[in-house]
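Trainee: Could you give me a close look at one part of this model and how it connects to its surroundings? Please state the cut-offs as you go.

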Amino acid sequence: MSAPVIETQRLVLRAPRLEDLGRCAELLGDYEVAKMLSRVTYPYDLDEGRNYLARAGESWQDQANAEELSFQVDLNGEMIGGISFKKLQETPEIGYWLGRPYWGKGYMCEAARAAVTWLFHNTDHEHLACEAMTENAASLRVAEKLGFRIVAEVGCNSLSRGATMPAIRAELTRTEFLNGH
């Protein structure tokens, strides 16, 4: 089964592709973006980015057994960020990021709502988790707007910082989300 293309009012969510590497390097090469993410190195590692994009594109071919499914977020045909669902064989966790020029415009709330809707309509998962560093107020606001409830304070490994950072874990149920929390 191929990856879905999800259209929102302003955005398109689509499968990652190797051609995204340059744009990923540009946007994720910004320390202000990378420092809020657990799995991105700083400076951005092109080989790791290439490997990630290849794996992310291939995972859509076997969705039922995938550990992770990812979307790139496009605005007017240009990639501006990404969303992934990891730990799909357990309680999935959503992760998301936007390039700094696109912060504060509501894009991630719009994209994440579409991605979570897709997840709950196309899988049998009853719960979704989210972790964001406590200093990442924007990510925590996105989670709150989607209806996530804080359940714990945790540590979040940050490759770019080489440290574990304080973070918040929040959870959302299918019923809460689909019923408009």
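Mentor: A residue is called buried when its relative accessible area is under 20%, exposed when it is over 50%, and partly exposed in between, with a 1.4 Å probe and protein chains only. The model is predicted: local features need pLDDT of at least 70 and side-chain atom pairs count only at pLDDT 80 or more, while totals for chains, interfaces and linings use all residues. Residues are numbered from 1 along each chain as its sequence is written, and side-chain values use heavy atoms, leaving out hydrogens and water.

Start with Met36, which is found in the loop between helix H2 (31-34) and helix H3; helices (H or I, at least four residues) and strands (E, at least two) are DSSP runs numbered from the N terminus. Met36 is buried because its relative accessible area is 19%. Contact here means heavy atoms within 4.5 Å. Not counting residues up to four places away in sequence, Met36 touches Met133, Glu135, Asn136 and Arg161. Met36 and Asn136 are 100 residues apart along the chain, yet their C-alpha atoms are separated by 6.7 Å.

Next comes H3, residues 46-59. Its 14 residues reach 20 Å from the first C-alpha to the last, close to the 20 Å expected, where the expected span is 1.5 Å times one less than the number of residues. At its start, a side-chain oxygen of Asp45 reaches to within 2.9 Å of the backbone nitrogen of Asp47. Gly49, Leu53, Ala56 and Ser59 are the buried residues of H3. Seen down the helix axis they fall within an arc of 130 degrees, so they line one face; the arc is taken over the directions from the axis to the C-beta atoms. Asp47 and Glu58, on the other side of H3, are exposed. The buried residues pack against helix H1 (21-28) and strand S3 (68-75).

H1 has its own buried set: Leu21, Arg23, Cys24, Leu27 and Leu28. These lie within an arc of 160 degrees down the axis of H1, so they too line one face. Their cover includes H2, H3, S3, S4 and S5. Arg23 counts as buried because its relative accessibility is 13%. Its side chain makes a polar contact of 3.0 Å with that of Glu26. A polar contact is a pair of N or O atoms within 3.5 Å; within protein, one must be able to donate a hydrogen and the other to accept it, and residues adjacent in sequence count only if both atoms are side-chain atoms. Not counting residues up to four places away in sequence, Arg23 touches Glu78, Met79, Ile80 and Tyr102.

Eight strands form an open sheet of mixed pairing, in the order S1-S2-S3-S4-S5-S6-S8-S7; two strands pair if DSSP finds at least two bridges between them. Strands S1 (6-7) and S7 (149-158) are at the edges with a single partner each, so one side of each lacks a neighbour in the sheet. S1 is joined to strand S2 (residues 11-14) by two bridges, and the pair runs antiparallel. H1 packs on the sheet against S3, strand S4 (78-86) and strand S5 (93-98), its direction making about 85 degrees with that of S4. Axes are lines fitted to C-alpha atoms, for helices over the stretch in contact, and angles run from 0 to 180 degrees between N-to-C directions.
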